[in-house]
Structure formats: C-alpha cells, structure tokens
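Me: I have a model to go through. Let us take it in short questions, with the cut-offs stated.

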Amino acid sequence: MSPSEDKKPTIEIGYWKIRGLAAPMRMMACYAGVDFKDATCECIADGEGGFDTSSWFGPNGTDGPKAALLQQNPLINLPYVVDHARGIVIAQSNACLQYLARQLGLYGGASDGANTDKAAAECDQILCQVMDLRNAAVGWYYGSGSRAGYESSADGHLACVKVHYTKLEAWLAHKQRLGEGGTFFVMQTTPAVPDFHVWEQIDQHEAACKDLGRASLLADFPLLAAFHCAFRKLPELAAYFDSPASTFPINNPQAAFY
Ligand SMILES: N[C@@H](CCC(=O)N[C@@H](CS)C(=O)NCC(=O)O)C(=O)O
C-alpha cells in the first residue's frame with residue numbers, strides 16, 4: 001500500500017519533506033503493507049540565504065505543529081511517529097524505528113529460526129552503528145560551511161565512511177560464517193529494522209559520490225553491494241520505490257548536498 005494523506009491511518013510518520021531520517025520508517029510501513037500518514041513539513045529556501053521552516057515551527061516559531069505535539073511529548077522532534085490507535089507519540093529516530101519494528105514484526109523475530117532476544121540485540125547494535133555513520137554524514141552535508149568546504153572535506157568523510165562500511169561488511173561475513181544468512185543484517189531471508197536504515201545510508205552515500213563525480217564506495221565491499229542490490233529488489237518495497245517519498249531530496253536546502 002502506498003502512503004496516503006486522505007484516509008485516516010493509525011500510524012503517522014512526521015518529518016521534513018526529505019529522505020533524511022524518515023526514509024527507513026516510510027520504507028518499513030510500505031514493506032509491512034500498512035497505510036500510514038506521511039506528515040511532511042517543507043523547509044523552503046528564500047533564495048537569499050534564509051530558510052522558511054514555519055511549516056513545522058509555525059510563523060512565530062512556537063505556533064506550528066511542533067507546539068501542538070509538544071503538549072503530548074516534551075521531547076518532540078522530527079522525525080516523530082504517532083500511533084493514533086493507542087495515543088502514543090514518539091520522538092528520536094531509533095525509538096521511532098524500534099517502535100515501528102515491534103508493531104510491524106520487523107524486530108528480527110523467530111520467523112526464520114532466529115532467537116528473538118539475540119535478533120533484537122543484533123537489531124539494536126546495527127541501528128546504533130548506522131546512526132554513527134549517519135551522524136558523521138550529517139556533519140559533512142550540513143557542517144562544511146559551503147559547497148567548496150563540502151568538496152574539500154570529502155576525502156576525510158569518505159575515509160570515515162569506509163571505516164563504518166568495513167565493520168558492516170565484516171558483520172555480514174560473520175553472519176555467513178555462522179550459517180545465519182549474510183545477505184541481510186539480522187534475518188536470513190528477510191529484512192529487519194536496521195536493514196532499512198543501512199540501505200538508506202548506503203544509498204545516500206552512493207548519491208553523494210555520484211554528485212561529486214566519484215566512483216561508488218561499494219567496489220571494495222562486495223557483501224554491502226549485494227545487500228544494497230537485494231534490498232532494492234524486494235517486491236514488498238516496490239510501492240515505496242514507486243512513490244514520491246523515494247525521490248524526495250536527501251537533505252534540506254541548508255545542506256551542501258541535497
Ligand atoms: N537525535 C534526533 C535528531 C533529530 C533532528 O536532528 N531533527 C532535525 C532534522 S534531522 C530537525 O529539524 N528537528 C526539528 C526540531 O528540532 O524540532 C533523532 O535521531 O531523531
């Protein structure tokens with residue numbers, strides 16, 4: 001099922017109208033076949049170096065959707081997840097991803113023989129590992145000061161990406177050695193919650209390399225390359241990849257790359 005704005009779905013995913021941190025959540029909902037409200041806010045560049053973020057913060061900075069959600073969760077941020085059926089409002093990406101994973105049966109589970117506690121611990125570790133990678137990437141995209149600064153710091157950032165990729169590649173090799181699959185990060189034949197975020201980070205870095213005229217980072221990481229390819233072909237994700245959300249910009253326009 002594809003994202004919908006007009007029905008009244010139980011799950012609402014709120015974020016900027018970009019891929020950023022919400023893409024894995026949108027993918028998970030599509031993968032599980034649940035209808036969800038994709039509540040997007042737009043950050044608009046005014047062309048003079050300013051950015052209009054009032055669709056989230058409100059015209060006065062404290063009178064937008066954020067202010068209303070703050071009444072329900074003092075930690076509110078973007079992304080957020082609301083489970084309307086149960087009156088639960090969640091902030092912080094990993095907490096949102098973990099909540100969705102529990103609700104949608106994407107926390108590893110025992111469906112292909114995995115031990116549930118072991119699978120959940122594996123999910124949590126990979127989620128933390130990929131968040132380290134994402135935080136480094138955001139520092140590069142948004143913190144380089146200018147496009148020139150972004151380009152000149154590319155070597156440094158991409159060397160750091162390779163350190164993360166080396167760990168993730170080794171994890172897949174380890175799963176293979178144990179006879180526990182090795183195509184996906186936790187389960188043998190199906191994705192679990194961290195696969196969605198790892199795929200998104202790999203894909204964002206592939207796009208960044210292409211934008212800079214650089215070669216794919218995956219040539220040295222055959223297991224990550226195979227994962228990136230296998231995940232993209234999952235039939236359950238066809239609706240997501242056919243939806244506008246899959247082609248939203250990667251970052252907001254304050255970034256050197258979006
Ligand atoms: N640690 C938080 C970071 C969230 C964050 O930095 N959100 C940014 C966009 S990526 C934002 O614009 N938040 C809106 C706000 O501050 O209200 C998470 O993982 O969710």
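Me: In which helix is H205 found?
Reply: This is a predicted model, where local features need pLDDT of at least 70, side-chain atom pairs count only at pLDDT 80 or more, and totals for chains, interfaces and linings use all residues. Residues are numbered from 1 along each chain as its sequence is written, and side-chain values use heavy atoms, with hydrogens and water left out. Helices (DSSP runs of H or I, at least four residues) and strands (E, at least two) are numbered from the N terminus. H205 is in the helix spanning residues 193-211, α8.

Me: Is H205 buried or exposed?
Reply: The classes are buried (under 20% relative accessible area), exposed (over 50%) and partly exposed in between, with a 1.4 Å probe and protein chains only. In contact with H205 (heavy atoms within 4.5 Å) are residues including L133, Y141, H157 and Y165, not counting residues up to four places away in sequence. The relative accessible area of H205 is 0%, so H205 is buried.

Me: How far apart do the C-alpha centres of domain 1 and domain 2 lie?
Reply: The bounds come from an automatic or database domain assignment. That assignment gives domain 1 as 11-104 and domain 2 as 116-234. In the contact, domain 1 takes part with 14 residues and domain 2 with 16 residues. Their C-alpha centres are separated by 23 Å.

Me: How many salt bridges are counted between domain 1 and domain 2?
Reply: Side chains of opposite charge can pair when their charged atoms come close. The rule for a salt bridge is a side-chain nitrogen of Lys or Arg within 4 Å of a carboxyl oxygen of Asp or Glu. A search of the whole structure finds eleven. Between domain 1 and domain 2 the count is two.

Me: How many residues apart in sequence are the parts that R19 and E200 tie together?
Reply: R19 and E200 form a salt bridge, with the closest N and O atoms 2.9 Å apart. R19 counts as buried at 9% relative accessibility, and E200 is buried at 0%. R19 sits in the loop between β1 (11-16) and α1, and E200 in helix α8, so the pair ties together parts whose separation in sequence is 181 residues.

Me: By about how many helical turns are E122 and K118 separated?
Reply: E122 forms a salt bridge with K118, the closest N and O atoms being 3.4 Å apart. E122 counts as buried at 9% relative accessibility, whereas K118 is partly exposed at 38%. The two are four residues apart in helix α5 (residues 116-143), so their separation is about one helical turn.

Me: Which residue forms a salt bridge with D155?
Reply: D155 is exposed, with a relative accessible area of 52%. The closest N and O atoms of the pair are 2.9 Å apart, and the partner is R214.
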